Amino acid sequence: MADDPAAYLLTNAEPETADRFAGLEAVFDSVTSGQLTRLGMTQGLRCLEVGAGSGSIARWLADQVGPAGRVLAVDLDPRWCRPEGRAQLEVRAVDLVTQPVPEGPWDVIHERLVLQHLPQRLEVLTRLVDALAPGGLLLLEDFDTREVRTIDRDGPDHELIVRMAQAFNQVLDTRGGVSDFAANSLRYLRGFGLADTGASGYVTVDVGGTGWAAVQAANAQQVRVELIGQGMTGEEVDRFVEVMAEPDTIVGSSVLISTWGRRPRLAR
């Protein structure tokens with residue numbers, strides 16, 4: 001997998017996946033659920049969760065829509081996503097690059113940290129917009145990684161942390177991902193003619209061994225070979241993983257940009 005330039009960068013098959021998901025849940029689930037709540041979640045909605053990952057947001061959606069609603073959680077590899085007794089939640093393996101968007105229409109479509117990784121992101125986005133019901137909500141959440149966070153510049157190993165972030169962006173580029181999709185997503189949604197569009201950003205600052213630091217450590221371990229291919233040494237990658245576990249480390253996340261819009265309702 002590490003040597004295949006066409007492969008999805010952070011697959012769910014590696015042992016680091018559990019730590020990555022746990023960190024992302026701890027840091028960003030409250031952001032996602034807060035956005036969806038603010039934008040309107042009610043009983044009976046039909047929801048599509050794109051890139052289900054651990055399933056935490058899919059389960060939350062299922063609890064919001066209740067037995068009268070429906071949630072379909074899709075992922076290239078959905079092994080980590082379980083309904084946990086929610087009959088209204090279905091989990092399905094789907095590759096949205098090569099397969100159609102599952103049957104809708106959908107009242108809510110949400111993706112987090114998926115589209116920025118896909119070379120075909122705009123084609124997939126077009127089909128997601130087309131799958132919205134009239135009045136349906138689309139919420140996109142991806143990182144803007146164009147600028148490396150410079151939190152705690154006087155802290156130990158700051159230079160290593162910055163270089164590692166730069167190398168990871170280079171790895172993302174080699175896999176067809178982009179660092180600026182999130183920054184442009186509001187213009188994309190407006191270009192599709194969606195209504196009630198908007199966007200906001202969120203940054204977390206965590207200490208070693210928690211939240212974002214745990215995510216960074218897991219990512220570095222999973223793509224170790226690729227990072228070395230971008231000029232990092234094996235010793236530097238190992239040291240970075242150690243730094244991300246040290247309680248004296250302070251590290252800031254990339255900006256998670258949430259962008260939303262609704263398909264216009266049919267004229268009466």
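I count two strands as paired if DSSP finds at least two bridges between them. I take helices (H or I, at least four residues) and strands (E, at least two) as DSSP runs, numbered from the N terminus.

I note that this is a predicted model, in which local features need pLDDT of at least 70 and side-chain atom pairs count only at pLDDT 80 or more, while totals for chains, interfaces and linings use all residues. Residues are numbered from 1 along each chain as its sequence is written, and side-chain values use heavy atoms, with hydrogens and water left out.

**Sheet.** I traced an open sheet of 7 strands with mixed pairing, in the order β3-β2-β1-β4-β5-β9-β6. β3 (89–93) and β6 (195–202) stand at the edges with a single partner strand each, so one side of each has no neighbour in the sheet. From one strand to the next, the twist averages 15°. I then looked up β6 and found 6 bridges joining it to β9 (residues 255–262), the two strands running antiparallel. Ala199 has Thr259 in β9 as its bridge partner.

**Helices on the sheet.** For angles I use axes fitted as lines to C-alpha atoms, for helices over the stretch in contact, with values from 0 to 180 degrees between N-to-C directions. Helix α3 (residues 121–130) lies across β1 (46–50), β4 (106–112) and β5 (132–144), at about 150° to β5. Helix α5 (residues 181–191) lies across β5, β6 and β9, at about 160° to β5.

**Cores.** I looked up nonpolar cores (sets of buried Ala, Val, Leu, Ile, Met, Phe, Trp, Tyr and Cys residues joined through side-chain atoms within 4.5 Å), where buried means under 20% relative accessible area with a 1.4 Å probe, protein chains only. The largest has 30 residues, and Leu9, Phe28, Leu227, Met232, Phe240 and Met244 have the most contacts inside it. α1 (17–39), α4, α6 and α8 each give two or more residues to this core, and α4 gives the largest share, 7 residues. A second, separate core of 23 residues includes Val50, Leu96, Leu118 and Leu138.

**Helix α8.** In α8 (residues 234–243), I find Gly234, Val237, Phe240, Val241 and Val243 buried. The buried residues of α8 pack against α4 (158–174), α6 (211–222) and α7 (224–229).

**α1 and α6.** These helices pack at an angle of about 155°, with axes 8 Å apart. I therefore record α1 and α6 as roughly antiparallel (angles over 145 degrees). Contact means heavy atoms within 4.5 Å; residues of α1 including Arg20, Leu24 and Phe28 meet residues of α6 including Trp212, Val215 and Asn219.

Key:
Buried means under 20% relative accessible area, exposed over 50%, partly exposed in between (1.4 Å probe, protein chains only). Angles under 35 degrees count as roughly parallel, over 145 as roughly antiparallel, 65 to 115 as roughly perpendicular and the rest as oblique.
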